[in-house]
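Subject: Structure handover

Hello,

Here is the structure I said I would pass on. Please look through it first, then read the notes below.

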Amino acid sequence: MIAERLPGRPTILLIGSVRGVADEIAPVQEQLEKFDPGAVAVSLSPEEAETLGQYFVGTTTEPIVPLSASEASHAVGLARITEVQVPAPALLGAVDWATRGGRPVVGVDPPEDTYAEMFAAHIGYFELVRRTLRERNLVKRPPEVETADEYALTWDRAMQPGAGSERLARARDEYAADQVRGLGRSFPKVALVVDRERYASFRRAFASSGASP
């Protein structure tokens, strides 16, 4: 896990966590406790954030989590390096912390229909084929690296085969960054918990704008 405070309006605590790493709940919650944000944003769609809070926070039992072949392969490969849990422990820990403290949780990624439009706008047929082949190769042969951090970054690089995929990722992150900036109208401090591989993209987005709404 890595974290950094970004000045501006709002002041942002940007936290990057490797999706699936089990022992990052406590460090994330410690960062949130020290920063004391008025709201917690997570790199999930609004629908995903609502589902996480509804079914996995403050419940006595947890539902079965269905995984795609890619998600299952990602978890299996990561498990060779560290203990893995699903759903993403850091995101779950952030939602739990915010819920217990009465802070709003905001899923800042594009809603499903908006993301579908972004995908169609940026990914053509040939790039879709390349993405599918890359994903199949990753399912068969997950990255062989030493740390969870390297694993997340290597996996992400392997899934970005062309300019369209890069534009799609940039459009998604700029959309999310705009949602966080908008929270500055109501909250002077906002924590944002993102997947590790998206950390640098968010950092650039906020640095270029001063994080101002």
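A cavity is a set of grid points where a 1.4 Å probe fits but cannot get out, and its volume is the space filled by probe spheres set on those points. Please keep in mind that this is a predicted model.

How many cavities of 30 Å³ or more are there? The count comes to one. The largest cavity has a volume of about 50 Å³. Its lining includes S17, V18, R19 and G20, then A88, P89, A90 and L91, and also V193, V194 and D195. By class, seven of the lining residues are nonpolar, two are polar and two are charged. Helix α4 and strand β5 (189-195) are the elements that give two or more residues to this lining.

Helix α4 also packs against another helix. Helix α2 (residues 46-56) and helix α4 (residues 89-100) meet at an angle of about 75 degrees, and their axes are 10 Å apart. Angles of 65 to 115 degrees count as roughly perpendicular, so α2 is roughly perpendicular to α4. On the α2 side the contact is made by L52, G53 and F56, and on the α4 side by L91, L92 and V95. Five of these residues are nonpolar, one is polar and none is charged.

One more residue in α4 is G93. Is G93 buried or exposed? G93 counts as buried, because its relative accessibility is 3% and the cut-off for buried is under 20%. Leaving aside residues up to four places away in sequence, G93 touches I25 and Q29. G93 and D23 are 70 residues apart in sequence, yet 10 Å apart in space, C-alpha to C-alpha.

Regards

Methods: Residues numbered from 1 in each chain as written. Predicted model: local features only at pLDDT ≥ 70, side-chain atom pairs only at ≥ 80, totals over all residues. Heavy atoms only, no water. Axes fitted to C-alpha atoms, helices over the stretch in contact; angles between N-to-C directions. Helix = DSSP H or I, 4+ residues; strand = E, 2+ residues; numbered from the N terminus. Parallel < 35°, antiparallel > 145°, perpendicular 65-115°, else oblique. Contact = heavy atoms within 4.5 Å. Nonpolar A, V, L, I, M, F, W, Y, C, P; charged D, E, K, R; others polar. 1 Å grid on protein atoms, 1.4 Å probe; cavity = no way out; pocket = protein on both sides within 12 Å on 5 of 7 lines; lining within 4 Å. Buried < 20%, exposed > 50% of the residue type's maximum accessible area, 1.4 Å probe, protein only.
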